[in-house]
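Please examine the sequence and the three-dimensional structure shown below.

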Amino acid sequence: NGTASVTSTIPILNFPPSISFANGQLIDPFIVTCFSVESGKTTGTLTFTDDKTNSYIWYVIDLTVEPPEPEEVIEVKTVARKTVTLKIPVHNPNNTEIDFDVNFSEPDFFGPKTMVLKPYETSIYQLSFCPLTQMKRTSEISFYNKEEGEYIYSIDITVAAPDVCIMAPIQSPIGQAGIGHVLVENPLDVP
């Protein structure tokens with residue numbers, strides 16, 4: 001009979017601060033809940049310490065928080081070497097300003113890495129997609145705030161091969177140079 005205090009190194013776990021025993025059995029069930037506003041993996045401990053003897057036993061906890069379902073699935077169809085700008089609406093439902101961290105890891109995505117929204121504001125985040133080759137893939141962009149959580153948008157991408165550009169024939173007599181012109185486009189919005 002007795003009590004044990006309960007502690008953890010994982011701050012997103014919620015549990016009673018102590019447990020009580022009678023006749024070697026728990027008096028009440030010990031329930032642990034987890035609340036996280038961000039997906040990912042973490043490892044920590046859950047420790048039970050006897051209040052009388054300071055003896056303790058601890059358990060290693062490996063915790064995986066799965067990402068939320070996407071807010072929206074955005075379909076993109078384009079041609080290689082043609083820039084497309086995706087317009088993603090982001091809303092602040094609160095009466096305080098919110099700073100979002102914007103996360104994407106694709107090398108052909110370009111856009112600001114932060115976004116600030118005023119109270120109750122809806123704003124458009126512009127993500128530029130600059131594919132260089134033909135492809136088909138699914139990518140993601142996420143908006144994260146430590147109080148509001150994580151908002152994920154899934155992007156289904158289909159990129160067709162570019163049109164074949166046929167250059168005009170170049171003719172030149174032997175021993176002389178010929179000149180041809182090739183049009184090269186910059187797929188980015190910057191020089």
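## A network of salt bridges

Glu106, Asp108 and Arg137 are linked in a network of salt bridges. A salt bridge is a side-chain nitrogen of Lys or Arg within 4 Å of a carboxyl oxygen of Asp or Glu. Side chains of opposite charge can pair when their charged atoms come close. The model is predicted: local features need pLDDT of at least 70, side-chain atom pairs count only at pLDDT 80 or more, and totals for chains, interfaces and linings use all residues. Residues are numbered from 1 along each chain as its sequence is written, and side-chain values use heavy atoms, with hydrogens and water left out.

The whole structure contains 2 salt bridges. In one of them, glutamate 106 meets arginine 137 with an N to O distance of 3.8 Å. Glutamate 106 lies in the loop between β10 and β11 and arginine 137 in strand β14 (residues 135-145), so this pair ties together parts that are 31 residues apart in sequence. Strands (E, at least two residues) are DSSP runs, numbered from the N terminus. Arginine 137 also forms a salt bridge with aspartate 108, at 2.7 Å from N to O. This second pair likewise links distant parts of the chain, with aspartate 108 in the loop between β10 and β11 and arginine 137 in strand β14, 29 residues apart.

How accessible are the two acidic residues, glutamate 106 and aspartate 108? Glutamate 106 is partly exposed, at 23% relative accessibility, and aspartate 108 is buried, at 9%. Here buried means under 20% relative accessible area, exposed means over 50%, and partly exposed lies in between (1.4 Å probe, protein chains only).

## The sheet of three strands

Strands β9, β13 and β11 form an open sheet in that order, and the pairing is antiparallel. β9 (84-91) and β11 (109-110) stand at the edges with a single partner strand each, so one side of each has no neighbour in the sheet. Two strands pair if DSSP finds at least two bridges between them. Strands of a sheet pair through backbone hydrogen bonds, either parallel or antiparallel.

β11 and strand β13 (residues 122-129) run antiparallel and are joined by 2 bridges. Phenylalanine 109 has phenylalanine 129 in β13 opposite.

## A buried asparagine

Asparagine 92 is placed in the loop between β9 and β10 (98-103). Is asparagine 92 buried or exposed? Asparagine 92 has a relative accessible area of 0% and is therefore buried.

The side chain of asparagine 92 reaches two backbone atoms: the nitrogen of asparagine 94 at 2.8 Å and the oxygen of leucine 117 at 3.3 Å. Both are polar contacts (a pair of N or O atoms within 3.5 Å; within protein, one must be able to donate a hydrogen and the other to accept it, and residues adjacent in sequence count only if both atoms are side-chain atoms). Leaving aside neighbours within four places in sequence, asparagine 92 is in contact (heavy atoms within 4.5 Å) with residues including Glu97, Ile98, Leu117 and Tyr120.

## The sheet of five strands

Another open sheet has 5 strands in the order β4-β3-β1-β6-β7, with antiparallel pairing. β4 and β7 are its edge strands, each with a single partner, so one side of each is left without a neighbour in the sheet.

Strand β1 (residues 2-8) pairs with strand β3 (residues 18-22) over 4 bridges, in the antiparallel sense. In this pairing, glycine 2 stands opposite phenylalanine 21, and the bridge partner of threonine 3 is serine 20. β3 also pairs with strand β4 (residues 25-26), antiparallel and over 2 bridges. Phenylalanine 21 has leucine 26 as its bridge partner in β4. The hairpin formed by β3 and β4 has 2 residues between the strands, and asparagine 23 in the turn has a positive phi of about 55°.

Asparagine 54 is found in the loop between β6 (40-50) and β7 (56-65), and it is exposed at 57% relative accessibility. Arginine 81 lies in the loop between β8 (72-79) and β9, and it is partly exposed at 47%.
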